[in-house]
Amino acid sequence: THLCFALAKVNEDLGNQDKFFEFLHEGNRLRKEELNYSLDNSQILSSIIKKMFSSTLSLSYEPSTIQPVFIVGMLRSGTSLVEQIIASHHAVYGAGELTTLADLIEPILNDHLAKDKYKLSEKTFLSIRQQYLEALSRFNVPENVITDKMPLNCQYIGFILSAFPEAKIVHMKRDARATCWSIYKHYFSSAGNGWAYNLDDLAGFYGIYSNIMDFWHQTFPDKIYDLCYEDLTTNQEEETRKLLEYCELDWDENCLNFHTSKRAVKTASALQVRQKMYQGSSEAWKKHEEYLQPLIKALSSY
């Protein structure tokens, strides 16, 4: 698998389109086989979560000194870039991709699935809140605004807003074709992205993601801040000011110079966030249009 992805990159750099896609398709095929992924499982999970939030509780808690900011969206949608921008602010600590929330929520989902019940209690949300905030406090940092940029926390927005009514949620939106193409050409070390290695799965999962985001917007109106990646790269300062305003942070010039930050970035975007803002990356898929027709057609409604 690794060899195929490496040879794909070599042939891409040499401009050998046929060979590039030959190795890319084979590398992705092997990785999908290895992970034994089925789109049905993602569809079932999404349906269960929506049932759990068909009605919502209005909850209030003891205020916390820690203010979490969740940065969510599809992989390769600009979440690393936005975390780098926010974490360049003097009052913010960027914690990166935390598995904490998923680790707390997955056992709850499995338990409710086993018992075939979908109603969540106030106690459940309180437990999530306490354990998650405890995990954040272990960073032991002076900043009290802490970002968590695990992209696929977007499926858990109902849990987030029920356990943290004060939380800020930044949802990254990017051209569907650009996003899916960028995902398909990357090898991800995590075993949790099994949908990323087949063009049909990729388009199907994008549909599930898009559908659940529509559901969250309807269920929690005005609680999620949509940020368009293309707008951010075109109007950097204007979009950065609006973003900080939503997060209730004062203006900090460092947020425009995010690329000079020395904080560690451990995602596939580690190199990009060390560079100044650049435009045009959302057009990259167009060079390969003839090879991506099934994907382009499947994503045409997004």
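## Overall size and composition

With 302 residues, a compact globule would have a radius of gyration near 19 Å, and the protein chain, at 20 Å, agrees with this. The radius is taken over C-alpha atoms, and the globule rule is 2.2 Å times the number of residues to the power 0.38. This is a predicted model, in which local features need pLDDT of at least 70 and side-chain atom pairs count only at pLDDT 80 or more, while totals for chains, interfaces and linings use all residues. Residues are numbered from 1 along each chain as its sequence is written, and side-chain values use heavy atoms, with hydrogens and water left out.

Along its principal axes, the C-alpha trace of the protein chain spans about 60 × 50 × 35 Å. The secondary structure comes to 12 helices and five strands; these are DSSP runs numbered from the N terminus, with helices (H or I) of at least four residues and strands (E) of at least two. Of the 302 residues, 50% count as buried, where buried means under 20% relative accessible area, exposed over 50%, and partly exposed in between (1.4 Å probe, protein chains only). The protein chain exposes about 14700 Å², of which carbon and sulfur atoms supply 49%; accessible areas come from the Shrake-Rupley method with a 1.4 Å probe, and for residues only the protein chains shown count as cover. Among contacts (heavy atoms within 4.5 Å) between residues at least 6 apart in sequence, 79% join residues at least 24 apart.

## Strand 3 and its partners

Strand 3 (residues 145-148) pairs with two other strands; pairing requires that DSSP finds at least two bridges between the strands. Strand 1 (residues 67-73) runs parallel to strand 3 and is joined to it by four bridges, with valine 69 opposite threonine 147. Strand 2 (residues 92-94) also pairs with strand 3 in the parallel sense, over three bridges; here tyrosine 93 has isoleucine 146 as its bridge partner.

In a regular strand the side chains alternate between the two faces of the sheet. In strand 3, Val145 and Thr147 point one way, Ile146 and Asp148 point the other way, and all are buried.

## Helix 2

Helix 2 (residues 17-35) has 19 residues, which at 1.5 Å a residue should span 27 Å; its end C-alpha atoms are 27 Å apart, in agreement. The expected span is 1.5 Å times one less than the number of residues. Phe20, Phe21, Leu24, Gly27, Asn28 and Arg31 are buried in this helix. They cover an arc of only 135 degrees around the axis, and therefore lie on the same side of helix 2; the arc is that of the directions from the helix axis to the C-beta atoms.

Cover for the buried residues of helix 2 includes helix 1 (2-14) and helix 8 (176-184). Asp18 and Glu33, on the other side of helix 2, are exposed. Just after the helix, asparagine 36 takes a positive phi of about 50 degrees.

## Helix 3

The 14 residues of helix 3 (residues 39-52) reach 20 Å from the first C-alpha to the last, close to the 20 Å expected at 1.5 Å a residue. Ser42, Ser46, Ile48, Ile49 and Met52 are buried in helix 3. Seen down the axis, these buried residues fall within an arc of 160 degrees, so they line one face of the helix. They pack against helix 5 (100-115), helix 7 (157-163) and helix 9 (199-219).

Aspartate 252 is placed in the loop between helix 11 (236-246) and helix 12 (293-298). It is buried, with a relative accessible area of 8%. Not counting residues up to four places away in sequence, aspartate 252 touches Ser88, His89, His90 and Leu244. Its C-alpha is 23 Å from that of isoleucine 224, a residue 28 places away in sequence.

Asparagine 193 lies in the loop between helix 8 and helix 9, and is buried, with a relative accessible area of 9%. Apart from neighbours within four places in sequence, asparagine 193 is in contact with Leu75, Leu152 and Phe188.

## Positive phi in loops

Most residues other than glycine have a negative phi. Arginine 76, although not a glycine, has a positive phi of about 65 degrees. It lies in the loop between strand 1 and helix 4 (79-87) and is buried, with a relative accessible area of 13%.

Glutamate 248 likewise has a positive phi, near 60 degrees, and is found in the loop between helix 11 and helix 12. Glutamate 248 is exposed, with a relative accessible area of 64%.
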